[in-house]
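Please open the model in a viewer and keep the selection panel at hand.

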Amino acid sequence: MKISVIGTGYVGLVTGTCLAETGNEVLCVDIDEKKVARMRQGEVPIYEPHLDVLFDRNIEAGRLNFTTSLEEGLTHGDIIFLALPTPEDEDGSADLSYVLNVSEEIGKKIKEYKVIVDKSTVPVGTAEKVQAVIAKNASCEFDVVSNPEFLREGFAVDDFLKPERIVIGSSSERATTLMKKLYNPFVRSGNPILIMDEKSAELTKYAANSFLATKITFMNEIANYCEKVGADVDKVRVGMGTDSRIGKRFLFPGIGYGGSCFPKDVKALQKAGKDENYDFKILDAVIEINDTQKTALIPKITTHFKADLSGKKIAIWGLAFKPETDDIREAPSIYMMNALLEKGAELTVFDPEAMPNIKEKFGDTLTYATSMYEATKGADALVICTEWSIFRTPNYSKLKELLVHPVIFDGRNLYNTEDMKSEGFTYVSIGRKD
Ligand code: UGA
């Protein structure tokens with residue numbers, strides 16, 4: 001099939017590349033000329049495990065191409081994916097201007113039947129708006145479907161190739177048939193393609209992300225309460241998670257959720273509710289709790305150092321909002337570091353992938369180490385913000401030699417508290433006895 005993908009951000013790029021992998025002819029469109037030139041040379045503009053291999057393979061096979069011409073994109077694809085940014089507006093709602101501007105162009109330029117697919121996370125009712133904007137100028141038949149993505153950064157290729165489910169909001173049989181044909185190769189295992197109306201599909205995405213954010217936040221509250229009563233959240237987590245109605249995943253407490261999706265989507269659903277005079281009280285609480293949780297280690301650090309952090313040297317491990325990505329959007333590390341800097345601490349930081357992004361944001365207010373151990377040299381304490389695998393089994397003797405004091409504040413509960421005690425560390429984590 002001939003596919004066009006408008007927008008080569010993280011979602012567009014993964015979608016385009018994975019659709020080329022199953023033999024489709026994919027043309028990706030982006031207005032950024034430099035980016036398009038780099039991609040044509042085979043350079044993947046984001047860090048996403050395994051994407052580079054698929055990218056090279058499909059460019060070489062001639063199935064994955066790039067252009068800056070929207071017109072070319074709109075002529076090429078029988079199915080046109082809109083993978084455009086929907087940034088957070090000042091009031092928390094999703095800004096649809098990119099999606100609607102491109103829709104306007106689609107209406108003017110398409111000359112034969114096309115399926116337009118909303119892949120971006122968009123509020124309920126967007127498919128209807130896109131339909132209306134295109135219909136203003138369109139001289140041929142077309143259908144608009146909603147097809148939200150459920151890709152996790154760091155696992156996006158795997159999630160795309162082996163999805164647990166595919167959600168398609170469509171009221172046209174013609175479009176549904178084409179979409180099923182496109183996605184059938186990805187659900188050979190028997191996982192479902194769920195067909196529903198457009199609004200339900202749009203809401204499914206917001207509801208799923210908001211539920212997961214709520215699940216994490218609930219565990220963060222249980223963790224905070226564990227600290228009050230002397231219970232161990234790791235044990236509670238396993239005790240709860242083995243109930244299949246609850247499930248083991250997304251129950252890990254820590255210094256809050258971040259990234260480009262959960263914070264934005266929870267706020268957008270909260271705002272969308274308000275617009276309908278519906279008050280999502282649970283989301284109000286989730287947002288408030290998560291904001292506080294991002295700096296949950298700060299009171300523990302100030303208590304340890306008896307309030308004054310001026311001149312204290314602190315090493316930070318992990319800056320990305322989660323492992324396996326260089327993405328620092330809404331990363332809890334940023335809130336932690338700002339709070340520590342405000343209190344006068346001197347920070348030396350390390351992350352396997354996110355250093356360039358953090359450097360751009362923090363400039364010379366931080367010291368940048370070239371390895372995890374270098375960051376700890378001469379530090380009064382180590383603070384862990386992201387659970388990268390390489391931090392999981394450090395050389396404890398080396399760490400003790402490098403740190404001035406063997407003190408670790410762990411925002412992701414990487415280590416066993418008993419092990420840390422026997423290794424001689426002062427170890428403070430989330431929801432567990434120190
Ligand atoms: C999330 C969803 O998981 C995807 O299904 C969705 O498609 C995507 O948003 C999106 O809307 O595009 P992502 O933001 O990449 O994916 O990251 P997650 O792995 O979901 O983690 C989000 C945040 O929750 C991270 O900050 C992570 O550290 C935190 N988290 C996750 C916890 O604090 N505890 C957990 O148990 C799990």
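Domain bounds, as used here, come from an automatic or database domain assignment. The model is predicted. On that basis, begin by colouring the protein chain in its three parts: domain 1 (2–193), domain 2 (205–293) and domain 3 (297–428).

**Stop 1: domain 2 against domain 3**

Select domain 2 and domain 3 together; their centres, taken over C-alpha atoms, are separated by 24 Å. The contact involves 9 residues of domain 2 and 13 residues of domain 3. On the side of domain 2 that touches domain 3, the residues comprise 3 nonpolar, 5 polar and 1 charged.

**Stop 2: the sheet**

Next, select the strands S9 to S14. In which order do the strands of the open sheet lie? The order is S11-S10-S9-S12-S13-S14, an arrangement of 6 strands with parallel pairing. At the edges are strand S11 (367–368) and strand S14 (426–428), each of which pairs on one side only.

Zoom in on S11 and strand S10 (residues 346–350), which pair in the parallel sense over 2 bridges. Here Val349 stands opposite Tyr368 of S11.

Helix H13 lies across strand S12 (381–384), strand S13 (407–410) and S14. Relative to S13, the helix runs at about 165°.

**Stop 3: the ligand**

Select the ligand and the 20 residues around it; Glu153, Phe252, Tyr257, Gly259 and Cys261 come nearest. Which domains each supply at least three residues to this shell? Both domain 1 (2–193) and domain 2 (205–293) do so. Among the secondary-structure elements, helix H9 (residues 198–229) provides the largest share of the shell, with 3 residues. Classified by residue type, the shell contains 11 nonpolar, 5 polar and 4 charged residues.

**Stop 4: helices H11 and H12**

Move to helix H11 (residues 262–275) and helix H12 (residues 281–293). Their axes come within 9 Å and cross at roughly 145°, and the crossing of H11 and H12 is left-handed. To display the contact, show the side chains of Val266, Lys267, Leu269 and Gln270 of H11 together with Leu283, Asp284, Val286 and Ile287 of H12. These contact residues divide into 5 nonpolar, 1 polar and 2 charged.

**Stop 5: helices H5 and H6**

Finally, select helix H5 (residues 97–109) and helix H6 (residues 126–137). At what angle do their axes cross? The axes of H5 and H6 cross at roughly 35° and come within 7 Å. The crossing of H5 and H6 is right-handed. On H5, the contact is made by Val99, Leu100, Ser103, Glu104, Ile106, Gly107 and Lys108. On H6, the contributing residues are Thr126, Lys129, Val130, Val133, Ile134, Ala135, Lys136 and Asn137. The contact of H5 with H6 has 7 nonpolar, 4 polar and 4 charged residues.

Note on methods:
Residues numbered from 1 in each chain as written. Predicted model: local features only at pLDDT ≥ 70, side-chain atom pairs only at ≥ 80, totals over all residues. Pairing = 2+ DSSP bridges. Helix = DSSP H or I, 4+ residues; strand = E, 2+ residues; numbered from the N terminus. Contact = placed C-beta atoms within 7 Å. Axes fitted to C-alpha atoms, helices over the stretch in contact; angles between N-to-C directions. Near = placed C-beta within 6 Å. Nonpolar A, V, L, I, M, F, W, Y, C, P; charged D, E, K, R; others polar. Left-handed = near helix turned anticlockwise from the far one by under 90°.
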